[in-house]
Amino acid sequence: MAALPEEPAEAVTVKPDPDAGAPPAPPPPPPALPQSPAAAAGATAAAGVAAAPSAPSAAAPLAEGGEPLAAGADAKPPVAPSPAPPASQLPTDRQTLLAVLQFLRRSNLRESEEILRREARLLADEVAADPGSSAPGVQASHGGEGQEPGGGAPGSGDVLLSSVTFGQSGATISPGAAAAPPAVALGPPGKVGVFVEDQPDVSAVLSAYNQQGDPALYEEYYSGLKHFIECALDCHRAELSQLFYPLFVHMYLELVYNGHENEAKSFFEKFHGDQECYYQDDLRVLSSLTKKEHMRGNETMLDFRTSKFVLRISRDSYQLLKRHLQEKQNNQIWNIVQEHLYIDIFDGMPRSKQQIDAMVGSLAGEAKREANKAKVFFGLLKEPEIELPLDDEDEEGENEEGKPKKKKPKKDSMGSKSKKQDPNAPPQTRIPLPELKDSDKLDKIMNMKEATKRVRLGPDCLPSICFYTFLNAYQGLTAVDITDDSSMIVGGFADSTVRVWSVTPKKLRSVKSAADLSLIDKESDDVLERIMDERTASELKILYGHSGPVYGTSFSPDRNYLLSSSEDGTIRLWSLLTFSCLVGYKGHNYPIWDTQFSPYGYYFISGGHDRVARLWATDHYQPLRIFAGHLADVTSTRFHPNSNYIATGSADRTVRLWDVLNGNCVRIFTGHKGPVHSLAFSPNGRFLATGATDGRVLLWDIGHGLMVGELKGHTDTVYTLRFSRDGEILASGSMDNTVKLWDAVKAFEDLETDDFTTATGHINLPESSQDLLLGTYMSKSTPVTHLHFTRRNLLLAAGAYSPQ
């Protein structure tokens, strides 16, 4: 199997560098990783545990030859260096301001200079006489992506645009001045033309709020804007109303930071009721920040400050807002719009209130349209051709007339789609995948045989549902998984145990001791049965090793291994032949909320409280990739069916799709109003379903990067989602004690993914999803924590009984 092509940067591998001078044990941590302070700690092998499992390393490790661990490039917009004076002068705010004013004067932008000078309370003589006027040429440039720079002659409509830095690019300095330290925010109220570097340093982040505007006018500014928006035409009102929340937060934080506690309290009490209901949890956190000292350790506030809040607004609505702020000379709000918001302008009709409500709600606003334009290979890999042997029933042979039975239907039971290469599929060798072992081929043959007996589901043929209820689960059930062949079920518990049950008459058995194995004839046909010790047979095996609640469990496709992730910050790989722990993977420093095996085995993904997801291989004790970009905990993870992509759901209310090959974030989906707890890819790999605490199930077209459906009906957290084996039915399980079945075929047919829809990034969703709901099934008092379709399309559900 060909390895990944060499890249200039060095990738993390399992072998320590002999030249690095590191001691041989424990193994060295991985190189420093960009953008994720929480990810800085390296992965180390668990003490007293073997560093490599007995799992064969069938695939070349992904990290070798691939790109290095990649942090999500879109986590923060690139920041241009700030204008600075020559090295011979002190890099003070005053010198920077005067340099900008001199540039405006040389460029004949008199009106812009006048506004900036008046805001900074400087006299014209000071600018002319300033010895720093010979500072290197400072070139002003406008516009982050999607924002509109002022064009044409500098008239009144362009004054503010000319003097304020935009989203992603700002004032740039000549190479000679590049060595000067970056300037911090200006003290005077204008605060224009200068960037603050988005660094994790708290004081640098907070200094952006060092405004000296009149605190008494903040309520007046906000009220004026609110009155303007409420009086705007209906077509613009819904779009402009998106400004309320980010402006409210930043104005409140500015008041708190500058010590105006009473004014901040009054401002909060007066306007917090105007915000949308789905921001209530964030506002509760915000209300606790009443002093400057409180802001220093608050992660939510730092996230809000360091990531620009994205608003998607039509050009007409944006022009209306710009004109109003310029006429009112409302610089306080305009400065916040320019520094803290990213306005993604599109051409076309303004969006309706319903379209906006479907897409907003995340911690950082909507996703930029540019974030969802990368090509994604969402097709399935070509299945290896496996000859299907005759059944025992078939061998029995012949019917009454002595003619052999026809076996054509069984020959191609995997479906014709896997015989041809899907045009949307990635190259077979894009990432190294493990080769099929003989046991894997046998399992695929069994799968094919089961598939021939599969029930074809649809609106007129709904699946039977078998519910596994965990009774007397006083230990607190926190995770469930079921093997692909539906033979075993595992539960992770709050008492740190992992419990595995057999759900077939066949009991769980361990391998015999080494002494007993030496007596077995290795050539016998039933050697796999002979090596099992009947004395150890039982329906339940309990695995001990974690030191905290177990929040994630996942069986390997071949059913020989089991993963578990825990609050103790480790992932453990268990053998289901010996029922013992093979490896403890350490890399996360905080609780790990979810883990999952790749559909091909070998690789697995984990996500946790440190806001990053990590990609691992079973024979590497360090992560191969680190996916950084979420602004809050990574609460759910899922592999794409072709194993080239990973989806992560987060408490920042977004879903991201990551490329396994290079670590890049290729899709950002916003629309949920609460933490995302469930993800499911359709069997054909084209669609993704997501569920969250808001009780909604959202459907996404991966290729176009669009929301294409919204399923409403649950009244509590949607904790599990699963497509039927052929993709006709989507099942959702919730903490409201119900399982709902949805018509997936109807939900995805006739999608409006034309050029206009793709360009504007939104789609017209139906008002109601009740016509897609095929059935609702209630348990007595059992929240549904896991769903699984068997190979014949029987639906299995599981949860712990919760007495009222």
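I started with a pair of helices and found that α6 and α8 are roughly antiparallel to each other. This is a predicted model, so I kept that in mind throughout. The axes of α6 (residues 218–230) and α8 (residues 244–257) come within 11 Å and cross at roughly 175 degrees, and an angle over 145 counts as roughly antiparallel.

Next I looked up who meets whom. From α6 I noted Tyr-218, Tyr-221, Tyr-222, Leu-225, Lys-226 and Ile-229; from α8, I noted Phe-244, Leu-247, Phe-248, Met-251, Glu-254 and Leu-255. Sorted by class, this contact has ten nonpolar residues, two charged and no polar ones.

Then I turned to salt bridges, and the count came to 30. I picked out a few.

Asp-234 and Arg-237 pair at 2.6 Å, N to O. They sit three residues apart in helix α7 (residues 234–240), so about one helical turn separates them. I found Asp-234 exposed, at 60% relative accessible area, and Arg-237 partly exposed, at 31%.

Asp-558 and Lys-437 form a salt bridge at 3.9 Å, N to O. This one links distant parts of the chain, 121 residues apart: Asp-558 is in the loop between β10 and β11, Lys-437 in the loop between α17 and α18. Lys-437 is partly exposed, at 32%.

Where do Glu-728 and Arg-456 lie? Glu-728 is in the loop between β26 and β27 and Arg-456 in the loop between α18 and β3, so their pair ties together parts 272 residues apart in sequence. Their N to O distance is 3.3 Å. Glu-728 is buried at 6% relative accessibility, whereas Arg-456 is exposed at 62%.

Last entry: I found a salt-bridge network linking Asp-443, Asp-484, Asp-485, Arg-559, Arg-725 and Arg-791.

Conventions: Residues are numbered from 1 along each chain as its sequence is written. This is a predicted model: local features need pLDDT of at least 70, side-chain atom pairs count only at pLDDT 80 or more; totals for chains, interfaces and linings use all residues. Side-chain values use heavy atoms; hydrogens and water are left out. Axes are lines fitted to C-alpha atoms, for helices over the stretch in contact, and angles run from 0 to 180 degrees between N-to-C directions. Helices (H or I, at least four residues) and strands (E, at least two) are DSSP runs, numbered from the N terminus. Angles under 35 degrees count as roughly parallel, over 145 as roughly antiparallel, 65 to 115 as roughly perpendicular and the rest as oblique. Contact means heavy atoms within 4.5 Å. Ala, Val, Leu, Ile, Met, Phe, Trp, Tyr, Cys and Pro count as nonpolar, Asp, Glu, Lys and Arg as charged, and the others, Gly among them, as polar. A salt bridge is a side-chain nitrogen of Lys or Arg within 4 Å of a carboxyl oxygen of Asp or Glu. Buried means under 20% relative accessible area, exposed over 50%, partly exposed in between (1.4 Å probe, protein chains only).
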